[in-house]
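Let's take a friendly walk through a protein model, one piece at a time. Keep the picture open as you read.

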Amino acid sequence: MDIIFLREVRADTIIGVYEWERKNPQTIEIDLEIGIPSEVPCHSDNIGDTIHYGVVVERLRKALSEQHFLLLEALAEYIAKVIREDFGAPWVQVSVTKLGILPGVRRVGVLIERGHRPR
Ligand SMILES: Nc1nc2c(c(=O)[nH]1)N=C([C@H](O)[C@@H](O)CO)CN2
């Protein structure tokens, strides 16, 4: 299976279990690996045959400005659902990272995989 990847996509969203985290959006980083449904775009050279990664970023930034979660796990699950259901990806890996939220820890986050990854 061919994969589109996006690294260190920054997005602003309200996320966290503590009251102080629920007052203002924080910037998170998202890494994505998105399975492409077919090899057609490699031969057709046509953007209409693949998943437009710019559209993915726009869609996620808009959604995360409107949808708020307590846990990174729930946020990652939501992103995976959008990528699979709205963009038709058979498989996705989603990593969501908070930056500098814990003293002495640069990055904390969650990594999930959803769907089937054909060989
Ligand atoms: N497994 C998780 N642990 C924690 C989360 C989370 O989303 N998943 N979140 C928090 C707080 O919101 C944290 O960001 C502030 O310290 C704590 N643990």
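## Helix H3 and its buried residues

Start with helix H3, whose buried residues are Leu-72, Leu-75, Ala-76, Tyr-78, Ile-79, Ala-80, Val-82, Ile-83 and Phe-87. Keep in mind that this is a predicted model. What covers these buried residues of H3? Their cover includes E1, E2, H2, E3 and strand E4 (105-115).

H3 has 16 residues, and from its first C-alpha to its last it reaches 22 Å. That is close to the 22 Å expected at 1.5 Å a residue.

Now find helix H2, which runs over residues 53-66. H2 has 14 residues and reaches 20 Å from its first C-alpha to its last, close to the 20 Å expected at 1.5 Å a residue.

Which residues of H2 are buried? They are Val-56, Val-57, Leu-60, Ala-63 and Leu-64. Looking down the axis of H2, you would see its buried residues fall within an arc of 140 degrees, so they line one face of the helix. These buried residues pack against strand E1 (3-13), strand E2 (26-35) and helix H3 (72-87). On the face of H2 turned away from its buried side, you can find the exposed residues Glu-58, Lys-62 and Glu-66.

## The largest pocket

Next, look for empty space. Rolling a probe the size of a water molecule over the atoms shows where such space is left. The largest pocket holds about 210 Å³ of space. It is lined by 13 residues, and the closest to its centre are Val-17, Tyr-18, Glu-21, Lys-98 and Ile-101.

Which element gives the most to the lining of the largest pocket? E3 does, with three residues. H3 and strand E3 (91-102) each supply at least two residues of this lining. By kind, the lining residues divide into nine nonpolar, one polar and three charged.

## A loop residue: Glu-19

Finally, turn to the loop between E1 and E2, where Glu-19 lies. Is Glu-19 buried or exposed? Residues with over 50% relative accessible area count as exposed, and Glu-19 has 64%, so Glu-19 is exposed.

Glu-19 and Ile-83 are 64 residues apart along the chain, and their C-alpha atoms are separated by 29 Å.

Methods
Residues are numbered from 1 along each chain as its sequence is written. This is a predicted model: local features need pLDDT of at least 70, side-chain atom pairs count only at pLDDT 80 or more; totals for chains, interfaces and linings use all residues. Side-chain values use heavy atoms; hydrogens and water are left out. Helices (H or I, at least four residues) and strands (E, at least two) are DSSP runs, numbered from the N terminus. The expected span of a helix is 1.5 Å times one less than its number of residues. Buried means under 20% relative accessible area, exposed over 50%, partly exposed in between (1.4 Å probe, protein chains only). The arc is that of the directions from the helix axis to the C-beta atoms. Contact means heavy atoms within 4.5 Å. On a 1 Å grid over the protein atoms alone, a cavity is a set of points where a 1.4 Å probe fits but cannot get out, and a pocket is an open set with protein on both sides within 12 Å along at least five of seven lines; lining residues have an atom within 4 Å of a point. Grid points are joined across faces, edges and corners, and a volume is the space filled by probe spheres set on the points. Ala, Val, Leu, Ile, Met, Phe, Trp, Tyr, Cys and Pro count as nonpolar, Asp, Glu, Lys and Arg as charged, and the others, Gly among them, as polar.
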